[in-house]
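The exercises below go through one structure in steps. Try each task before reading its solution.

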Amino acid sequence: MNVLYAGLLLLGMSLSLIRLGGEGTLSTLLLGGQSAVDLCLKMAGGYLFWMGVLELTRRSGAARALGRLLSPLVRLCCPTAGDAAEPISLSLSANMLGLSGAATPFALDAMARLERNNPHPGTATHDMCALLILNAGCLKLLPTAQIAMRQACGSLSPGAILVPSLLATGVSCLCAIALAWALRRS
Amino acid sequence: MSGYLIPILLMALLLWSLWRRIDVLDAFVQGAREGLSLLLRVLPPMAAMLMMLTLLQESGCMEYLVGLLSPLSQRLGLDSRLLPLLLLRPLSGSAASAAAANLYTAYGPDSRVGYLSGVLVSSMETVFYTVTIYFGAANIRKTRYAAPAALLVTLLAGAAGLFFGTLLYT
């Protein structure tokens with residue numbers, strides 16, 4: 001991951017020096033930092049809201065009930081998750097419903113809990129890897145973002161992408177489960 | 001229809017919490033407080049990611065990569081107009097959405113290219129973003145097999161999307 005990141009950065013900078021020159025390159029780099037701040041400010045409302053909701057689901061016991069729906073899956077792929085199992089299943093459920101705004105804070109909470117129980121801090125555990133793999137291949141029941149965009153661009157049947165997307169993410173979901181399980185064994 | 005689902009679920013949660021005699025306001029505030037610290041932990045890795053992505057876009061690197069890969073994609077029977085999307089989606093959701101919007105306006109959302117781009121964007125996941133953010137916020141430096149495995153899965157999802165999309169397109 002680090003190699004890829006540094007490599008892409010070097011590649012981008014080389015090309016940028018040619019096309020935009022030294023100052024252009026520097027200002028583009030700084031622009032990235034600024035857009036991160038802007039993005040975080042835009043997401044702040046959502047984070048505050050969903051984390052508030054999460055705490056409420058936890059205290060009321062609703063989280064435990066919801067978590068039970070996905071718990072066979074979570075137990076299969078993240079057997080040593082402990083108290084992170086709840087936010088993991090909540091994050092994956094949110095992802096399935098197309099609520100990426102909620103999925104991220106739940107997943108971050110899960111990662112924090114997993115790290116707290118990590119015998120080798122700073123190194124990813126199998127459960128953490130499994131969370132990311134499952135998240136990548138997660139079944140998407142409602143691709144609302146693209147349906148909305150297609151409608152905005154004048155599509156006659158914006159929802160037509162639902163079925164292939166559902167089938168494709170179904171396949172990737174099964175592959176993700178299998179891959180996470182297999183990589184843990186190796 | 002689905003717009004009503006979340007608010008109704010939230011109302012149900014509120015009623016359930018009140019029935020369980022939970023201090024709703026306090027729960028929300030405590031949770032939001034955690035959310036704030038979460039956000040601060042997310043900002044640095046996000047800055048690193050966006051810095052790289054903005055650079056790739058502004059430097060013309062993306063066009064360069066697409067130019068390099070189009071002969072290969074032609075050989076595989078993949079429409080080279082979908083290449084930027086395939087390359088961008090694991091890196092950035094908004095960049096991929098922008099690319100899809102471009103294709104929609106250029107060729108129409110109901111054309112084969114438009115249809116497949118919608119399927120691609122919906123079935124793939126912003127893997128590099130999630131890996132960086134999830135691990136970065138928890139201060140994990142050694143990510144082991146997470147990144148390549150997640151990338152493999154999302155590319156599989158993309159390939160499956162192209163397969164089913166091509167099959168089901170009318």
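**Exercise 1. The contact between the chains**

How much area do chain A and chain B bury between them, and what part of it is on carbon and sulfur atoms?

Solution. The model is a predicted one. Step one is the area: chain A and chain B bury about 7,500 Å² between them. Step two is the kind of atom: carbon and sulfur atoms account for 76% of that area. Step three is the residues taking part, which are 89 residues from chain A and 87 residues from chain B. As for confidence, the predictor gives the complex an ipTM of 0.78 and a pTM of 0.78. Chain B has an average pLDDT of 85, and 98% of its residues score at least 70.

**Exercise 2. Polar links and the elements behind them**

Count the salt bridges and polar contacts between the chains, then find which elements of chain A touch chain B.

Solution. Start with the salt bridges: there are three between chain A and chain B. Next come the polar contacts, with 17 residue pairs between the two chains, both residues at pLDDT 80 or more. On the side of chain A that touches chain B, the elements giving two or more residues are α1 (2-60), α4 (100-116), α5 (126-136), α6 (144-152) and α7 (162-185). The largest share of that side is from α1(A), with 37 residues.

**Exercise 3. Arg59(A)**

With which residues does Arg59(A) form salt bridges?

Solution. First look across to chain B: the side chains of Arg59(A) and Asp26(B) form a salt bridge, 2.9 Å from N to O. Then look within chain A: Arg59(A) also has a salt bridge with Glu55(A), where the closest N and O atoms are 3.1 Å apart. Last, check the spacing. Arg59(A) and Glu55(A) are four residues apart in helix α1 of chain A, so about one helical turn separates them. Over all chains, the whole structure has nine salt bridges.

**Exercise 4. The fold of chain A and Arg64(A)**

Solution. Chain A has seven helices and zero strands. Along the principal axes, its C-alpha atoms fill a box of roughly 55 × 50 × 35 Å. Within this chain, Arg64(A) belongs to helix α2, residues 62-77. Set aside the neighbours within four places in sequence, and Arg64(A) is in contact with Arg58(A) and Glu86(A). Ala85(A) is 21 residues from Arg64(A) along the chain, and their C-alpha atoms are 9.5 Å apart.

**Exercise 5. Aromatic rings**

Which residues form one aromatic cluster, and which residue lies over the face of Tyr107(B)?

Solution. Begin with the total, which is five aromatic pairs over all chains. One aromatic cluster is formed by Phe49(A), Trp50(A) and Phe28(B), with members from chain A and chain B. For the other ring, the residue over the face of Tyr107(B) is Arg81(B), at 4.2 Å from the ring centre.

Methods: Residues numbered from 1 in each chain as written. Chains lettered and ligands numbered in written order. Heavy atoms only, no water. pLDDT = per-residue confidence, 0-100. Phe/Tyr/Trp six-rings, centres within 6.5 Å; stacked < 30°, edge-to-face > 60°. Lys NZ or Arg CZ within 6 Å of the ring centre and 35° of its normal. Contact = heavy atoms within 4.5 Å. Buried area = accessible area lost by both parts, 1.4 Å probe. Salt bridge = Lys/Arg side-chain N within 4 Å of Asp/Glu carboxyl O. Polar contact = N/O pair within 3.5 Å; in protein donor to acceptor, adjacent residues only side chain to side chain.
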